[in-house]
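Dear colleague,

I am handing over the structure that follows, and my notes on what was found in it come directly after. Please read them with the structure open beside you.

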Amino acid sequence: MTVEFRLLGDVEVLVDGEWLDVGHARQRDVLVALLVDANRTVTVAQLIDRVWGSLPPHRARGTLSSYLTRLRQVLSRAAEEVVITRRPAGYVLTTAPESVDLHRFRLLLAEAHDAADERAASLLDQALRLWRGEAFADLDLPWLIELRGELSRERLGAELDRNDLRLRLGQHARILPELAARAREHPLEERLTSQLMLALARSGRSAEALRVFDAARRIVIDELGVDPSPQLSLLHGRILRSDPELTASAELQGEGPVGRNSLPRDITDFTGCETEMARLLEALPSTTTGDGGPTTAAVILAIDGMAGVGKTSLAVHLAHHVADRYPDAQLLIDLHGHTQRDAIDPMTALDVLLREIGVPGGQIPNRLTDRAARWRAEMVHRAALVVLDNAAGTAQVQPLLVGGARCLTLVTSRRRLVDLDVTRSLSLGVLPRSDGVDLFNRIVDDDRSNADPRGADEVVAQCGDLPLAIRVAAARLRSRPAWTIRHLADRLRDRRRGLDELTAGDRSVAAAFALSYQDLSEPRQRMFRCLGLHPGPDIDVFAAAALVEADAEAAERALEELLDVHLLQQPRPGRYRLHDLLRIHARTTADDVDTAADREAALRRLVGYYTLAALVANQRLDPDRPLIRFQTPTATYSIPAPADQAAALAWFDAERHNLLTVQQLAAERQWHTCVWQLAWTLHSYQHRRGHLDDNLAVWRLGQAATVELRDLAGRCLAERYLGSANARLGRHADAVRHLQHALTLAEETQELRPQAHTQSSLSWAWAQEGDHKQALEHGLAALRIVQQLDNPSWEALALNAVGWCEAQLGWYEQALQHCDAALALARRHGIQDVVAPSLDSLGYIADRTGEHTRALSSYRQAITGFRELGNAYEEANSLARLAETHRALGHAAEARRTWHAALQLYDAQHRTADAERMCNQLATTAAPRAADDDGRGQP
């Protein structure tokens with residue numbers, strides 16, 4: 001496996017090109033603190049200072065040790081060559097220096113220092129391409145501020161050295177666009193100014209070079225109160241007198257004559273897209289013929305993306321970047337595929353393009369095929385660049401393509417041109433947050449953005465990181481000096497305004513979206529509008545089918561077409577989502593187009609679908625659970641049918657957040673039956689996955705719904721589940737209050753089953769509180785009742801619960817009898833949900849009676865059973881107890897590894913107290929010698 005640590009931009013870890021999750025933000029801080037000094041020891045004091053600054057937490061060393069252990073586990077699984085080692089003086093992260101982009105950058109600079117000009121320039125280009133933005137862009141640790149400034153200066157120094165080399169090699173046109181942009185960013189850097197002036201002069205643009213000097217002189221005088229340096233003034237004089245040695249023609253410098261150029265100016269505040277630029281540049285030929293042209297066939301690059309994402313900006317920026325490679329012509333034509341004007345037909349486009357390259361109007365053929373042939377013939381021997389911007393589709397573009405071996409065609413479109421034969425296609429996404437904030441600050445260009453960096457970040461977040469939205473928001477702020485960034489953020493946060501805030505002059509996000517929407521057929525428009533009603537983060541084919549009352553196949557076709565025109569995103573196969581701003585536009589459009597009754601009907605179908613689909617998945621997950629009375633939906637749905645328990649768990653995992661938001665929606669609309677039915681269908685899943693806060697939230701809504709419905713049986717069940725949810729979160733008083741109420745309601749119904757379940761829940765709640773006598777009393781009551789019901793599953797559960805309470809009281813003989821009986825009954829009837837808990841109890845009894853080897857066996861079988869059931873909640877508990885047995889046997893390494901495994905599950909389930917208990921165990925248990933644990937013990 002190849003591991004890559006990326007610090008020169010947002011902090012990322014890639015393994016074989018795939019992003020690796022190294023944990024939460026503080027854990028990443030620890031990793032960065034080590035990577036900056038990779039292969040060198042960093043003391044514990046340094047690490048604490050780097051991670052927490054002047055406000056370290058209580059027991060900072062123990063917390064740091066826990067983070068390092070988790071990092072070691074993640075990295076060891078990903079790449080064996082990356083090791084975090086404890087040294088007497090601190091810690092060291094060992095890895096190949098070139099695997100860290102920061103160190104690779106410095107290695108390339110050192111290599112370039114001793115290389116010949118051409119090689120040195122190439123090495124410096126390689127080094128500079130490693131940068132993806134500001135170093136550590138997504139971290140705000142105080143110690144990084146000074147380092148970030150130092151690295152920015154190193155980067156600028158490398159750029160200046162590279163520029164000098166390129167100028168010495170006569171490659172001024174190649175670096176001119178970048179020189180102009182960087183000179184604007186660093187107006188006081190006179191070396192950069194002189195390089196820009198020299199490149200302009202050598203390109204035959206001496207007047208512009210003189211204007212650059214005048215502007216730089218004013219800035220230096222205003223900012224520093226001094227005149228420009230003698231060197232800069234000397235260069236100015238040489239340009240004024242047209243020094244022939246300085247202004248040798250471009251042809252003498254090895255660059256061809258400049259041809260027709262209709263490109264718009266490059267965007268001065270172009271930000272981000274370094275990765276995308278690199279991908280597109282990789283597709284260009286690297287070798288040339290003797291006359292300077294590429295040796296391979298014509299290159300066609302297609303850039304697609306949603307409205308406002310910056311496709312044209314990227315294409316124009318790329319065109320300027322490579323314009324010197326295509327000296328015969330640099331052309332751009334807007335095909336108006338997605339504007340208020342009709343799209344330009346190929347005949348008209350060809351007429352414009354042929355006239356651009358000097359073909360007289362009288363010689364332009366009148367038939368499309370002849371006109372396209374003339375265009376290809378004219379371009380076959382040219383080194384030319386053509387930008388076909390804003391294409392409606394392949395049919396519009398195809399006649400405009402050229403086959404000249406020295407030509408580059410850039411095509412931009414809101415539609416994926418899947419049927420166009422291209423060299424490389426790129427679907428452009430929104431900006432990384434740091435690049436979005438940088439763009440915002442550049443446009444605002446005053447002290448407000450510096451004074452409120454968090455506000456700028458929030459504005460960009462409200463803009464969904466969409467370049468067009470960021471530009472419009474920044475332009476509005478710049479035009480209103482009285483506004484603060486916080487005021488703008490508050491206005492954008494108010495979704496009642498829709499997209500009205502993102503309009504400035506003739507730029508409007510809503511208008512851009514509306515043009516994409518208008519190009520859709522009516523059924524696709526309806527799907528788009530209905531997707532805006534969906535309250536969750538994403539959607540699958542079945543839920544979308546319910547929204548529009550269609551079958552699954554028709555819904556999938558509609559979703560895929562919306563995906564092709566970038567009105568939808570696909571985070572993973574089978575899942576679709578709307579960009580945040582597109583969601584607002586879809587919802588606003590639905591409010592304008594559809595009646596309230598139509599919107600209500602769509603939402604009722606959606607809630608009905610999720611309720612029924614969750615019921616089907618729950619039956620597969622927990623087939624022995626007695627069903628409640630379900631309201632039969634009036635609509636007909638396509639429902640996914642999970643094949644087994646694992647598939648059911650996977651379905652719930654994918655739909656978890658949707659189910660929560662749909663239940664909230666149903667509660668807001670007072671659809672009480674759906675509210676409490678959804679709570680019931682989610683319970684088994686949330687119990688197994690350990691989603692304790694979610695479980696409490698859904699049962700609070702479920703209990704309130706049963707009160708409104710005046711359903712006695714439902715109220716009894718809801719009170720019991722709400723009590724159990726409170727107990728799991730340590731809310732003992734609330735737990736007992738709800739459970740006692742549930743028991744009273746159960747006794748009123750005179751039904752034995754709810755009485756038994758409630759007694760069992762009370763037993764568990766008291767056990768959680770540590771009152772095992774009370775727990776045993778309720779457990780025995782539950783056992784007496786279930787023994788009258790002829791239900792082996794419930795009886796086995798009750799037997800195990802009684803045995804567990806007895807074991808907690810030290811009554812191991814009775815406990816063993818009850819737990820053995822529970823296991824035998826569960827195995828005899830194939831009740832897997834009870835086998836694992838019974839084995840866990842037997843493991844505990846064996847451990848407490850000194851039979852540690854037997855305890856190991858029981859615990860391991862229990863853990864395997866819980867994993868097969870997907871019951872991560874109980875798996876974590878069994879792992880914690882297994883670790884205790886390992887410690888009792890003197891297996892220090894195994895104990896620590898097992899505690900770490902339990903800790904990971906507790907962290908994932910947000911069980912803070914249990915996680916802290918594991919951290920304490922790890923902190924108070926001495927690490928074994930390296931020979932005992934192969935270096936995988938305490939860090």
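In these notes, buried means under 20% relative accessible area, exposed over 50% and partly exposed in between, with a 1.4 Å probe and protein chains only. This is a predicted model, in which local features need pLDDT of at least 70 and side-chain atom pairs count only at pLDDT 80 or more, while totals for chains, interfaces and linings use all residues. Residues are numbered from 1 along each chain as its sequence is written, and side-chain values use heavy atoms, with hydrogens and water left out.

Histidine 103 belongs to helix 4 (residues 101-113), where helices are DSSP runs of H or I with at least four residues and strands are runs of E with at least two, numbered from the N terminus. Because its relative accessible area is 13%, histidine 103 counts as buried. Leaving aside neighbours within four places in sequence, histidine 103 is in contact (heavy atoms within 4.5 Å) with Leu35, Val36, Ala38 and Pro97.

Not counting residues up to four places away in sequence, alanine 38 touches Leu93, Thr95, Val100 and His103. The C-alpha atoms of alanine 38 and proline 97 are 7.3 Å apart, although 59 residues separate the two along the chain.

Elsewhere, twelve of the 13 residues of helix 8 are buried, and what covers them includes helix 6 (142-168), helix 7 (172-185), helix 9 (206-224) and helix 10 (230-240).

With best regards
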